[in-house]
Amino acid sequence: MAIFPSKQWVEAVLEAAKKSENYKEAAKDWEGDFLCIVEGDEEFLRELGRKEVMQGFMSLMDMMPVEQRAKFKGTPAGNVFEKLGIPLDGSIKELNVDELLNKTAKLSAEDIKGVSIYVWADFWHGAVRDMAPMAPGEHEDAVFKLAGTYSAWKLMVSGKQDTIRLIMSNKLRLQGNMSYMMKHMKAVVLLTKEVFAGVPID
Amino acid sequence: MYFEIDAKVREDKGLCLLRNETHKFAEEVIRPAAKKLDRMSPEEVVAKDSPYWDTLKEMKKMGHHRLFFHRDYGGLGLSAAEAHIILEELGWGSVGLATAIGVDQVPAGVASLFAMGDIIDNLVIPWAEDTEAKFHGCWGVTEPECGSDYILATQESFLPHVKELHCGQVRADKQGDGWVINGPKSSWLSSAPAATHVGLHVTLPPYDSLANGAFCIVPLDQKGVTKGKPIDKLGLRDDPQGDLVFDNAYIPDDYMIIRPPFYELRVGQILCLTSCFMGTIFTGLARAAFEEALEYSKSRIQGGKPLCEHQTIKHKLYAMFEKVESARYYTRKVMEHVWEKTYIEGTFDASSRHALSAQIYGKRSAFEVAYEALQVFGGYGLTKDFLIEKLFRDARAGLIEDGTTEVLGLSAAYNVIAEY
């Protein structure tokens, strides 16, 4: 079981993509990176109150070098990090998770308004060449951008709901060449069914 | 019952049972009701005490109103072969009533494929579970100023041409948490005079193209909706048709099921499903017409021997047989393809040229067979004493219903040229 989003989840997704022959075949012509934008919502706030989720989230943040994390400064997410005492310009390895949880309990829905986490994934000819957390403003030129609340993303990555239904219901918002995506629907469906849903989420 | 050439179907006891049971239903329930409705005035067809409602309820009890629903949202989870067998038999009974149960599933059926959230629990599931015809759907596509051409909006390569044709008369405008709808749909909306909801195609601001559209569900029991008088027509008289006019009708946002940028492509896939449906029910009509002619030709004596022993009639019977058989297996094959892309893979990338050609082939075969079958009856075929007279009228109507065969062919041609 992996925590979404976390370093463990990113690694597991990369592994699942390598293993899925169906996905590799369906996506053999696919060329296009994705900027995934996970927007904080009440469920995210609630989940952050769980120790393992907080640890997972911190592991994701720790994947970014200090100079990259510094780009959060002045953003809604950066403001929340400051409230929690998460340094944007220093190491986060030594942080006390229990303290973070105490501070998180004091956060309100208003505090996390506008908070977004960014994960960039480079899909290329059936392979996921790279997948990593990003700072605001990075990879803005991605071929596709997919944005939605944490709750909507969880529905998708857990395989409980298919991507297209989420997009068509406006729960996830997609920007990019729609015709291209429609022509590669099998790749999109298998990415959800076999790659994302292939990683059980806690 | 005809010999099934496909061993996979012939040797499957479940499929054979399904075919026999559905045929019995078509023979004992649908066809007698269709004959009655055919003789009634359009107003009588939609009246509360009309056999239309009793038949609809019976069809809903059989689950025929949710053949196309997603299996997780009220669908029966049928295979393509099962759906095809049911539809051919329903079409054998009556293409009018088969159309009524087909359009019935358009609003909630499309929602079952693409929507999520409250609308599933509040509308889709109750619709699927309804056996009393509390819900009855229709499909609002064509408009007074834009008929079958409306479907060309689904072809991207057609866009400039579509703009020249029309920009849509029924328009939706976002207001607050919902949408306000205005404009007229044409008189050819199947089941509209009897429907509770419409699966409606609208255009969106800036109203510059039919392709800039959306598909939504509109409840028809509201102040802003006017149902026109059911029209009096040549064929398919057992399925009432009439116009709908929207004057500030309102729907909540989650009733807007397909919106840009998905509209063009998703509507193309809905047309693949409806095309398989139409091609198959008209195959049923073709078979019904052929069987009427075959039976008549064996019993009617002319020149001292049964009609079927005359060389000219033999030629006709063979030609009809060939058309019915080829229509069945072509429409079934295409339905298997569309089914796989829609319900199994969930990729919604079925080949529209094949789906459209299944519809055209089924309808054209039905008309050609009904035409020749009527000829076998001679003068009697023109009287209301024989079913073939109704079948011929229904087959003729089919060349226009759900898109003229010319426009459907044009749409398929664009796809052939672009993607063959």
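Analyst: The expected span of a helix is 1.5 Å times one less than its number of residues. Keep that rule in mind for helix 12 of chain B, residues 352–377. The model is predicted.

Helix 12 of chain B has 26 residues. From its first C-alpha to its last it reaches 37 Å, close to the 38 Å expected. Is helix 12 of chain B enclosed by the rest of the structure, or open? It is largely enclosed, because 22 of its 26 residues are buried. Buried here means that 20 or more other C-beta atoms lie within 10 Å of a residue's own. Just after the helix, B:Gly378 takes a positive phi of about 60°.

Next, the core. The largest nonpolar core has 201 residues. Which of them touch the most other members? They are B:Ala111, B:Cys216, B:Ile257, B:Leu285, B:Ala289, B:Ala370 and B:Ala373. Helix 10 of chain B, residues 263–299, gives the most to this core, with 19 residues.

Now the domains. The assignment for chain B gives domain 1 (7–129), domain 2 (137–258) and domain 3 (264–419). The C-alpha centres of domain 1 and domain 2 of chain B lie 23 Å apart. Their contact takes 27 residues from domain 1 and 24 residues from domain 2. On the domain 1 side, five elements of chain B are listed as giving two or more residues: helix 2 (13–39), helix 3 (42–46), helix 6 (95–104), helix 7 (106–114) and helix 8 (118–129). Helix 6 of chain B gives the most, with seven residues. By type, that side divides into 18 nonpolar, five polar and four charged residues.

Strands of chain B come next. Strand 3 (residues 178–190) and strand 7 (residues 241–252) of chain B pair in the antiparallel sense over ten bridges. B:Asn182 stands opposite B:Asp247 in strand 7 of chain B. Strand 7 of chain B also pairs with strand 6 (residues 225–227) of chain B, again antiparallel, over three bridges. There, B:Val225 stands opposite B:Phe246.

Then the partner chain. In the contact between the chains, 14 residues of chain B meet eleven residues of chain A. The chain B side divides into eight nonpolar, three polar and three charged residues.

Chain A has strand pairing too. Strand 1 (residues 31–39) and strand 4 (residues 144–149) of chain A run parallel, joined by six bridges. A:Val38 stands opposite A:Gly148 in strand 4 of chain A. Strand 4 of chain A pairs with strand 5 (residues 172–175) of chain A in the antiparallel sense, over four bridges. A:Leu146 stands opposite A:Leu174 in strand 5 of chain A.

One helix of chain A closes the tour. Helix 1 of chain A, residues 7–19, has 13 residues and reaches 19 Å, close to the 18 Å expected. Its buried residues are A:Lys7, A:Trp9, A:Val10, A:Ala12, A:Val13 and A:Ala17. These pack against helix 2 (21–26), helix 4 (51–62), strand 3 (127–134) and helix 11 (185–196) of chain A.

Definitions and conventions
Residues are numbered from 1 along each chain as its sequence is written. Chains are lettered from A and ligands numbered from 1 in the order in which they are written. This is a predicted model: local features need pLDDT of at least 70, side-chain atom pairs count only at pLDDT 80 or more; totals for chains, interfaces and linings use all residues. Two residues are in contact if their C-beta atoms, placed from the backbone, lie within 7 Å. Ala, Val, Leu, Ile, Met, Phe, Trp, Tyr, Cys and Pro count as nonpolar, Asp, Glu, Lys and Arg as charged, and the others, Gly among them, as polar. Two strands pair if DSSP finds at least two bridges between them. Domain bounds come from an automatic or database domain assignment. A residue is buried if 20 or more other C-beta atoms lie within 10 Å of its own, exposed if 12 or fewer, and partly exposed in between; C-beta atoms are placed from the backbone. A nonpolar core is a set of buried Ala, Val, Leu, Ile, Met, Phe, Trp, Tyr and Cys residues joined through C-beta atoms within 7 Å.
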